[in-house]
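Open the model in your viewer and keep the sequence panel beside it. The stops below go one selection at a time.

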Amino acid sequence: MTSLDSIILNLCRKGGFTLCEVSVIFKTDHFLIRHKETENGIGSNRHFVTPGEARFVARFDASGAYRPLKGAPTLPRDWELHLKTASEVRQALDYIYPGAIGLFAQLQCRKALPVSFSETASRQTGMYRIVGTISDDLADETIADVCHPSKCLRTILWETRPGIRPKHLPPEKFAIPQNQIRPEALEVPFLCLEPCNLLIAACRKAIKRAERSAVKSPQPAA
Amino acid sequence: MNAFDHSAAAPNRLFEKAALVIVGHGSTENPDSSEPTLAIVEEIRMRGLFNEVAACFWKEEPSMREIYAMVESAEVFIVPNFISEGYFTRSVIPRELRLSGDTTELDGRRVHYCEPTGNHPKMTDLLLSRAEQVAPSIAPEETSLLIVGHGTSLNDNSAVAAKYQAAQIAKRGRYGEVLSTYMEEPPLVSEWATLTRFNNVVVVPFFIADGLHSYEDIPVLLGIYDSSPGAASSNRGAVFHGNPYLLREKTLYYAPAIGTEPGFADIVLDQAYHQATKLLHDFSRQHHS
């Protein structure tokens, strides 16, 4: 058993845990993963027994729309995963919330190393090279849009620039949830250690939109 | 490179404690883009050869920057699931995975960078297998086979790869003629009817995954659709169920991309075995010379 699997086992021994929209508990002889809003299995029409099937759970929302951003608060509710081992639970969770347990482990060991937006932006090449030129205001605007808690459930640990946190996002976006030692569940955060390619792509689109607006509405000559 | 014996002892001992990471392109628009890579992960997991098996992507999650949090093994083998060497395998993947060569020492582990799947000689067999599946009852010696690549100056290596595969297939002498064609440069796939000698024409896209190009763009270029059915179409794979198509006085057979072809997992394993064998050979040479 790996150390990451041990983390899952220990959390389940304490009564189970929640991770964003899912709950994980141990029931007699198997681990049960389901949407945390699904009480007592009501509404769980799809039952899965292998971790690989978790990728089908996370791929689409309830309306059938594709979910490329796995932290989006749009996980469907009509499913349950019944798994045999902590290792299978980790494999399944890595399809639903990729790397969440590993990043949580890094945080606990104080090995989580965030990478700033400016560093991520400046290393881009090809069609995304332009993102390195984004203004601070446009970056903050785009981050506030793409990373808002209504669109992504991750907890941001990175800064826009060293010492400067992204503006316009609510404080809870940066707060590691306090472990809630309830009889039922602890709460594991889904950490964001650096801006993702979806944010980088959104920044590129924002720059292109701004350029087109500038062309349409040129500033008068002084 | 011959196919590797996947029961060979020395690489397997290395793999028992290693992680295999398969890197795909992924997509923010196409839900089918990552499935070939994820299906390979599941198949290789079932074989139990590696301590851990995982995937990561450029355009969707899990991203390359998260993969090291997802695997714990001290040895990591990275296999890019890309159709050719090029911008992604030479620049983006090494940058995002912080690689500095064939083997990189990174935070207490050794990360081994393998060749992409597209480099493997078996790709030719997979293309042939796809062609035979989509048109099993026609005489190949009276058939034109078209291998379709993307082709643009931004993606020169994919055009070279498609041309190479067409040449390899032609050498086998099975099909009446074999041509490489492209979406965006000559010879254009849109001119398939005038490019081909035979009335039976089989078209195989040289892509890892089905997506916008194979579901919509290429069918429009072939004349199967008059216009794109739209990215939101819920019937994405329907075009492959309509074979054969009677178009431009010829009979056209259109195949899906090759990434879901059985045998792809073996190609990924071969690329990892090839790298492991090089490592073991170099180690042996250093310590016995």
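Select B:Glu249, which sits in the loop between β9 and β10 (250–254) of chain B. Helices (H or I, at least four residues) and strands (E, at least two) are DSSP runs, numbered from the N terminus. B:Glu249 is not a glycine, yet its phi is positive, about 65°. The residue is exposed, with a relative accessible area of 80%. Here buried means under 20% relative accessible area, exposed over 50%, and partly exposed in between (1.4 Å probe, protein chains only).

This is a predicted model, in which local features need pLDDT of at least 70 and side-chain atom pairs count only at pLDDT 80 or more, while totals for chains, interfaces and linings use all residues. Residues are numbered from 1 along each chain as its sequence is written, chains are lettered from A and ligands numbered from 1 in the order in which they are written, and side-chain values use heavy atoms, with hydrogens and water left out.

Stay in chain B and select B:Asn243 and B:Pro244. The peptide bond that joins them is cis, with omega about -5°. B:Pro244 belongs to the loop between α8 (212–222) and β9 (245–247) of chain B. Another cis peptide bond runs from B:Pro186 to B:Pro187, with omega near -5°. B:Pro187 is in the loop between β7 and α7 (192–195) of chain B.

Next, select strand β7 (residues 177–182) of chain B. Five of its six residues are buried, so the strand is largely enclosed by the rest of the structure. Two strands pair if DSSP finds at least two bridges between them. Across from B:Ser144 you will find B:Glu177 in β7(B).

The last stop in chain B is B:His25, in the loop between β1 (18–24) and α2 (35–47). B:His25 counts as partly exposed, at 32% relative accessibility. Select B:Phe82 as well: it is 57 residues from B:His25 along the chain, and their C-alpha atoms are separated by 7.6 Å.

Now show chain A, which has seven helices and eight strands. Its C-alpha atoms fill a box of roughly 75 × 40 × 30 Å along the principal axes. Of its 222 residues, 52% count as buried.

Strand β1 (residues 17–19) and strand β2 (residues 22–27) run antiparallel, joined by three bridges. A:Thr18 has A:Ser23 as its bridge partner. Two residues separate these strands, and A:Cys20 in the turn has a positive phi of about 50°.

β2(A) also pairs with strand β3 (residues 30–35), antiparallel over six bridges. A:Phe26 stands opposite A:Phe31. Which residue in the turn of this hairpin has a positive phi? A:Thr28 does, at about 60°. A:Thr28 is exposed, with a relative accessible area of 76%.

Move to helix α3 (residues 86–96) of chain A. Nine of its eleven residues are buried, so the helix is largely enclosed by the rest of the structure. Among the buried ones are A:Glu88, A:Arg90 and A:Asp94.

Finish at helix α7 (residues 197–216) of chain A, where A:Lys216 is found. A:Lys216 is exposed, with a relative accessible area of 72%.
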